[in-house]
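Try each one yourself before reading its solution.

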Amino acid sequence: MAGSRMKLELSRVVQGRSRLGVLKGLGRTGQQSLDVPGCLLYTPFGTVPHLTQDTLHTLSNLPSVTHITLSNIAEHQEVLEEFKDGFRKFAGLHDTVLYCSLHDPATSCPTGYTTNKTVSVWGSGGRIELTVAKYMALQRTVQPDWYQSMADGETWQNNTSRKRVRKSVDRTLAHLDECLLLHQKSQELEGVEVFGVVEGGDILEERVRSARETAKRPVAGFCLDGLQTGSMDQDLRTQLITAVTKELPEDKPRLLQGVGRPDEVLVCVEAGMDLFESFFPFQVTERGCALCFDFDISPDPERAGRAPPAVLELDKERETAGEPQQNGDLNVDQSQMTSFEMNLKDKRYQDDFRPLVEGCGCYCCKNHQRAYLHHLLVTNELLAGVLLMIHNTAHYHGFFGALRDALAKDKLDLLKRRVLGERGGQTERKD
């Protein structure tokens with residue numbers, strides 16, 4: 001296999017683990033890059049939910065990498081094969097790097113359908129069983145810039161036996177070897193990068209074994225699977241990530257699957273992760289909610305576009321808005337509201353004429369009020385999803401910009417206090 005063009009250039013490593021840098025050599029030409037830590041642009045089928053390409057590109061500082069999933073594409077294989085020119089052209093995408101994963105991180109998959117030779121994905125027409133041969137045929141049809149290898153990731157449930165976890169690591173390594181063999185023989189995948197998948201459930205020895213063995217293969221980077229929100233305690237997740245990253249080369253990127261909440265992102269960056277999937281804004285939008293957490297670390301809040309008085313008001317609102325899902329819960333329902341968002345369906349907003357977040361520069365906040373969003377939601381207007389997705393996408397990617405800025409300026413502790421809503425050493429969030 002030819003040497004990888006994708007290279008991670010680190011400019012800083014903070015406290016031995018948090019990594020700041022640029023992932024270079026992306027795309028078929030190798031001319032694009034992605035700032036690290038960063039996130040991909042979540043699109044189930046090439047389009048950010050609720051947004052047209054024109055609307056999406058009213059936002060600035062979007063990631064250069066678009067994330068698509070085989071669970072949404074597999075059922076369209078025959079159409080794409082007939083089209084012949086790959087998914088990028090099929091979906092009308094242009095100057096973007098295309099990354100293809102197995103599962104949609106915003107949708108839970110039934111378990112119990114994995115065999116020694118197959119994994120399953122669920123499309124709108126039901127279950128589709130994939131062998132490595134079919135998996136690679138799909139990748140040749142999609143023609144991504146990089147993709148994750150096929151993996152047995154059904155060990156995230158906390159009652160999974162040690163024997164089953166060991167089997168998942170063995171299967172995933174076998175799948176990777178088969179994928180790499182077929183990749184080498186494929187002319188259509190020349191110049192395409194492969195990410196190896198690290199499995200191992202919640203068992204430290206299996207995680208380390210999976211990472212160590214995967215790192216021996218000629219992969220461009222690594223996906224850490226089975227650590228998603230709700231699968232395990234945050235302390236255990238941090239312990240596993242820390243152990244895994246010690247086994248991985250410094251100059252290759254590490255993508256964490258299934259983690260999107262800001263508090264968890266911060267902890268995982270501190271443990272050594274580089275890349276995340278940006279499905280969280282979509283989940284927030286589907287709940288009829290708007291992201292409103294503070295991430296201002298500048299000395300001049302007005303210049304940063306995040307006014308503390310507005311955030312303080314939001315904290316007071318949260319205290320009377322019931323009990324949102326608390327951070328760090330095990331087996332949380334990802335459809336439940338978190339403490340990083342406000343529920344605009346609530347009656348309190350029917351005569352609230354402020355923007356969603358004071359000082360936010362997105363189209364929604366510059367042109368509309370909370371009361372209008374409340375009206376759109378209670379009347380089931382499609383525009384509600386459009387405006388919320390604009391704001392939530394802008395806010396979330398703004399958070400990642402602040403995260404990189406905090407690492408560059410040694411202000412990570414300040415950012416954590418802002419995001420978690422702590423002021424003067426006290427947390428204003430109810431437990």
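**Exercise 1: A pocket and its lining**

H15 contributes nine residues to the lining of the second largest pocket, the most of any element. Bear in mind that this is a predicted model.

Task: Work out which elements give two or more residues to the lining of the second largest pocket, and how the lining residues divide into nonpolar, polar and charged.

Solution: 
- Step 1. Begin with the volume of the second largest pocket, which is about 520 Å³.
- Step 2. Find the centre: 26 residues line this pocket, and Ser60, Asn61, Leu62, His397 and Gly398 are the closest to its centre.
- Step 3. Look for elements that give two or more residues to the lining; they are strand S3 (32–36), strand S4 (38–39) and H15.
- Step 4. Sort the lining by residue type, and you get 11 nonpolar, 12 polar and three charged residues.

**Exercise 2: Pro253**

Task: Decide whether Pro253 is buried or exposed, and find which residues it touches.

Solution: 
- Step 1. Locate Pro253 in the loop between helix H8 (234–246) and strand S13 (254–256).
- Step 2. Apply the cut-off: buried means under 20% relative accessible area. Pro253 has 1% relative accessibility, so Pro253 counts as buried.
- Step 3. List the contacts of Pro253, leaving out residues up to four places away in sequence: Met6, Leu8, Leu23, Phe195, Ala220, Gly221, Phe222, Asp274 and Leu275.
- Step 4. Take one of them, Phe195: Pro253 and Phe195 are 58 residues apart in sequence, with their C-alpha atoms 9.1 Å apart in space.

**Exercise 3: The nonpolar cores**

Task: Find which residues of the largest nonpolar core touch the most other members.

Solution: 
- Step 1. Among the 69 residues of this core, those with the most contacts to other members are Leu130, Tyr135, Leu224, Leu256, Phe276 and Leu415.
- Step 2. Helix H15 (residues 382–408) gives the most to this core, with seven residues.

Technical notes
Residues numbered from 1 in each chain as written. Predicted model: local features only at pLDDT ≥ 70, side-chain atom pairs only at ≥ 80, totals over all residues. Heavy atoms only, no water. Helix = DSSP H or I, 4+ residues; strand = E, 2+ residues; numbered from the N terminus. Buried < 20%, exposed > 50% of the residue type's maximum accessible area, 1.4 Å probe, protein only. Contact = heavy atoms within 4.5 Å. Core = buried A, V, L, I, M, F, W, Y, C linked by side-chain atoms within 4.5 Å. 1 Å grid on protein atoms, 1.4 Å probe; cavity = no way out; pocket = protein on both sides within 12 Å on 5 of 7 lines; lining within 4 Å. Points joined across faces, edges and corners; volume = space filled by probe spheres on them. Nonpolar A, V, L, I, M, F, W, Y, C, P; charged D, E, K, R; others polar.
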